[in-house]
Amino acid sequence: MKMTFRWFGEDDPIPLRYVRQIPGVSGIVGALYDVEVGEAWPEDKIARLKHMVNQAGLELEVIESVNVHEDIKLGLPSRDRHIENYLTTVRRLAAAGVKVICYNFMPVFDWFRTDLARPLPDGSNALFYEAAIAESLDPQTMVARVARESQGFVLPGWEPRRLAGLESLFEAYRGVDAEKLFENLGAFLRAVVPVCEQVGIRMAIHPDDPPWPLFGLPRIVNGQANLDRVLALVDSPANGLTLCSGSLGADPQNDIPALVRRYAGRIPFAHIRNIRRLAGGDFSESSHLSSDGSLDLFEIVKAYHDTDFDGYVRPDHGRMIWDEKGRPGYGLYDRALGIAYLNGLWEACEKGSPGRKP
Ligand SMILES: [Mn+2]
């Protein structure tokens, strides 16, 4: 297991030297945030990011995300040009030493919450999903709400550029149901995975978050049956999952330790965090501690350990604690606490296993 930490580049309020001081962290999960989705990532910008990260004593082996242009998800004729650009980016990232590319295939919206700073009983705050609000608001209002609550930061997946022309995007998705979306994902993977195999990159699709349809848009990366299908689209280790416990775990049907065991060998990247499921489909993000949420983090880490997981891990999101100001979900303190806890669980698994190395 290689422990990593997501970092948003030079405008991230968390300096890399702080990240370097979190015990056990070997690398950054990074991205270029100033390249238009669908364009090829320039070599000099990749090199600059890598240099910054390496200078801090950290590795840059995981990219989250290289976003997929909506034309590819929609299956428009213009997708070919965007896929070509995607392949150029894949080759350039491989040349820079990147091993895993996380991406998602969610129409229009990326992850979705109704509150970015819902107070918790201990005085901290966290991302929160309230089903009644999600079901009653229109997409435009929702986008405005997220922008208002984001503390002045641009949130990954909610870049204003990406959400420009929301109405025409919704219009374009009218004819795209889950089957069509699967078809379009298949076409994308059949083009991208062979190149990844050649250059030593593993693609890792992030589940839909939350794992159910929103605003009438289809979602197809949300549970065992569909994950089986995604992996079967191209049967290769280079077609893998970012197994996100918090995203999939919002649906009580998803048994995370069982999914970890089922997909062993096809999980190059693990997001491990907890959530607390509430009545009516609501859920709150929580600290990583098992007793603070609905997921058993020990059983999840044990499933990775039992299946000889040797991929990358990140603590995904954290709460905002100790009056920290930052990107919702992406403060330093609670993510660092999450890492310390995951390290502890992993060490306990190592030393508790019979036949462990001395
Ligand atoms: Mn995640």
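Mentor: Helices (H or I, at least four residues) and strands (E, at least two) are DSSP runs, numbered from the N terminus. The model is predicted, and for that reason local features need pLDDT of at least 70 and side-chain atom pairs count only at pLDDT 80 or more, while totals for chains, interfaces and linings use all residues. Residues are numbered from 1 along each chain as its sequence is written.

The part to examine is helix H9, residues 178-199. Its setting is a nonpolar core, that is, a set of buried Ala, Val, Leu, Ile, Met, Phe, Trp, Tyr and Cys residues joined through C-beta atoms within 7 Å. A residue is buried if 20 or more other C-beta atoms lie within 10 Å of its own, exposed if 12 or fewer, and partly exposed in between, with C-beta atoms placed from the backbone. The largest such core holds 86 residues, and Ile 101, Met 203 and Ile 300 have the most contacts inside it. Helix H9 supplies seven residues, the largest share of this core. In soluble globular proteins, nonpolar side chains tend to be buried together.

Two residues are in contact if their C-beta atoms, placed from the backbone, lie within 7 Å. Leaving aside residues up to four places away in sequence, Met 203 touches, among others, Val 192, Val 193 and Cys 196, as well as Ile 101 and Tyr 103.

Helix H9 also packs against other helices. Two packed helices are described by the angle between their axes and the distance between the axes. Axes are lines fitted to C-alpha atoms, for helices over the stretch in contact, and angles run from 0 to 180 degrees between N-to-C directions. Helix H4 (residues 79-95) meets H9 at about 20 degrees, with the axes 10 Å apart. H4 is therefore roughly parallel to H9, since angles under 35 degrees count as roughly parallel, over 145 as roughly antiparallel, 65 to 115 as roughly perpendicular and the rest as oblique. The crossing of H4 over H9 is right-handed; a crossing is left-handed if the near helix is turned anticlockwise from the far one by less than a right angle, and right-handed if clockwise.

On the H4 side, the contact includes Ile 83, Tyr 86 and Leu 87, and on the H9 side Phe 188, Ala 191 and Val 192. This contact has eleven nonpolar residues, no polar residues and one charged residue. Here Ala, Val, Leu, Ile, Met, Phe, Trp, Tyr, Cys and Pro count as nonpolar, Asp, Glu, Lys and Arg as charged, and the others, Gly among them, as polar.

A further partner is helix H10 (residues 224-233), whose axis comes within 9 Å of that of H9 and crosses it at roughly 35 degrees. This crossing is likewise right-handed. Phe 182, Leu 185, Gly 186 and Leu 189 of H9 face Arg 229, Val 230 and Leu 233 of H10; five of these residues are nonpolar, one is polar and one is charged.

The loop between strand E7 (202-205) and H10 contains Pro 210. Asp 209 and Pro 210 are joined by a cis peptide bond, with omega about 0 degrees. Phe 215 lies in that loop between E7 and H10 and has a positive phi of about 50 degrees, although it is not a glycine. Because 17 C-beta neighbours lie inside 10 Å, Phe 215 counts as partly exposed. Most residues other than glycine have a negative phi, and most peptide bonds are trans.
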